[in-house]
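The structure comes next, and my look-ups follow it.

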Amino acid sequence: MARYDRAITVFSPDGHLFQVEYALEAVRKGNAAVGVRGTDNIVLGVEKKSTVKLQDSRSVRKIVSLDDHIALACAGLKADARVLINRARIECQSHRLTVEDPVTVEYITRYIAGLQQKYTQSGGVRPFGLSTLIVGFDPYTGVPSLYQTDPSGTFSAWKANATGRNSNSMREFLEKNYKETSGQETIKLAIRALLEVVESGGKNIEVAVMTKEGLKQLDEAEIDAIVAEIEAEKAAAEAAKKAPAKDT
Amino acid sequence: MECVFGMVGKDFALVVADSSAVNSILVHKSNEDKIMVLDSHKLMGASGEAGDRAQFTEYVQKNVSLYQYRNNIPLTTKAAANFMRGELATALRKNPYMVNIVLAGYDKETGPSLYFIDYIATLHKVDKAAFGYGSYFALSMMDRHYHPNMTVDEAIKLADQCIEEIRSRLVVAPQNFIIKIVDKDGAREHSWRRTTKD
């Protein structure tokens with residue numbers, strides 16, 4: 001009996017928690033997800049695999065609402081995500097019930113990260129195999145925030161971040177191209193980052209925008225329109241690069 | 001001395017509640033809102049033990065919200081009523097909630113509905129309901145003047161007649177009343193009937 005009480009996540013001789021690192025591997029295999037913070041909104045974008053033709057895509061929402069003012073996107077094990085999201089939703093309502101105030105983005109991020117950490121230090125359980133991107137507006141100050149958590153239970157705030165498949169490429173792109181934006185510009189930046197690693201097209205991306213009014217999921221037509229704008233801008237930039245060479 | 005009553009009209013439902021918060025002979029305040037807006041299209045008028053009233057109604061409201069986030073669709077009025085009844089029934093034989101509730105809601109598919117839920121977990125779907133000493137007068141007035149498919153004006157007139165009866169015939173009548181209405185455009189406050197200006 002005693003052997004089964006031992007935590008599965010134990011230290012290796014050189015100080016690693018292998019289970020947590022393997023969980024991060026699971027995240028790296030998950031679909032790409034990106035979050036970009038603007039001055040008046042935060043945009044979440046997630047890759048959608050288009051190979052499943054018979055599946056009813058409405059039943060697989062990758063960007064979910066935790067409360068009126070908080071949304072979450074994740075990369076990794078979707079089943080684990082369901083459990084974590086459910087607990088977070090309960091905590092949002094529980095917080096409202098006990099203190100009659102909505103949660104701040106930081107509070108609920110801390111809660112989710114705390115939950116993820118608990119599962120790295122308990123007997124007989126494995127860590128959650130997902131990283132989350134949590135966005136929202138602070139209900140009191142109206143400041144937009146973007147936070148990221150990972151299987152180890154760490155969390156921090158970001159101006160823009162990516163997780164999941166090819167997150168390094170997306171993060172590099174964001175580091176090069178990030179600047180303070182608002183409204184449509186923020187949406188374009190997020191989609192541009194996602195298009196670095198995802199096949200172009202509205203049916204391959206799910207995008208949602210969190211504003212002070214709430215979460216708005218963009219439909220395929222809207223995404224296609226923005227993608228078209230981005231392609232046109234790229235083409236124009238290419239042409240501009242070639243044009244000076246022609247003058248000389 | 002608390003009084004809550006409600007009725008169903010053509011495409012709406014009405015809930016009226018007194019707004020006094022009383023402790024033995026002292027009136028703490030006379031603008032207490034006892035009709036909670038449960039979600040966009042539901043109203044819950046509650047009377048009874050003040051602590052239980054706040055606790056139970058807030059608990060129900062948060063659970064209704066949680067259901068909506070989990071399932072991306074709001075609860076029907078019937079479902080919310082049954083959920084409340086279930087909670088009251090579970091607590092009944094341990095530590096009962098001393099709260100009486102009139103639940104009014106508007107569903108797109110079924111229209112307006114009204115539910116009578118008392119503190120011992122009785123649940124009835126009704127056209128008119130009332131709780132408290134005022135119910136003796138409100139129910140009698142509604143029995144006499146209520147008819148199905150009333151317009152908003154007719155219903156408000158009937159509510160005013162009930163309030164008038166309560167004010168004139170109940171020895172410790174509440175000073176102010178609040179009226180809330182729910183229809184296809186949502187649940188909202190309709191008006192107050194004041195005798196004091198708290």
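What volume does the largest pocket have? I find about 950 Å³.

Conventions. I worked on a predicted model, in which local features need pLDDT of at least 70 and side-chain atom pairs count only at pLDDT 80 or more, whereas totals for chains, interfaces and linings use all residues. Residues are numbered from 1 along each chain as its sequence is written, chains are lettered from A and ligands numbered from 1 in the order in which they are written, and side-chain values use heavy atoms, with hydrogens and water left out.

Entry 1, largest pocket. I took a pocket as an open set of points on a 1 Å grid over the protein atoms alone, where a 1.4 Å probe fits, with protein on both sides within 12 Å along at least five of seven lines; lining residues have an atom within 4 Å of a point. I counted 32 lining residues, and A:Val64, A:Ser65, A:Arg89, B:Tyr69 and B:Asn72 lie nearest the centre. Both chains take part: β3 (63-67) and α3 (78-99) of chain A, and β5 (35-39) and α1 (50-71) of chain B, each supply at least two residues. The most comes from α3(A), with nine residues. By class I noted nine nonpolar, eleven polar and twelve charged residues in this lining.

Of its 25 lining residues, B:Met1, B:Glu2, B:Ser20, B:Val22 and B:Gly48 lie nearest the centre. β4(B) gives the largest share of this lining, three residues. Here the classes are 14 nonpolar, eight polar and three charged.

I used sets of buried nonpolar residues (under 20% relative accessible area, 1.4 Å probe, protein chains only) joined through side-chain atoms within 4.5 Å. The largest core has 40 residues, and B:Phe5, B:Met7, B:Leu14 and B:Met142 have the most contacts inside it. α4(B) gives the most to this core, with seven residues. Apart from it I found another core, of 26 residues, among them A:Ala193, A:Val198, A:Ile205 and A:Val207.

Seven residues of chain B are in contact with eleven of chain A, contact being heavy atoms within 4.5 Å. The buried area (accessible area lost on putting the two parts together, 1.4 Å probe, summed over both) is about 910 Å², and carbon and sulfur atoms give 58% of it. On the chain B side, B:Lys62, B:Tyr69 and B:Arg70 lose the most area, together 66% of what that side buries. I note that B:Tyr69 is also among the residues nearest the centre of the largest pocket.

Terms used. Points joined across faces, edges and corners; volume = space filled by probe spheres on them. Helix = DSSP H or I, 4+ residues; strand = E, 2+ residues; numbered from the N terminus. Nonpolar A, V, L, I, M, F, W, Y, C, P; charged D, E, K, R; others polar. Buried < 20%, exposed > 50% of the residue type's maximum accessible area, 1.4 Å probe, protein only.
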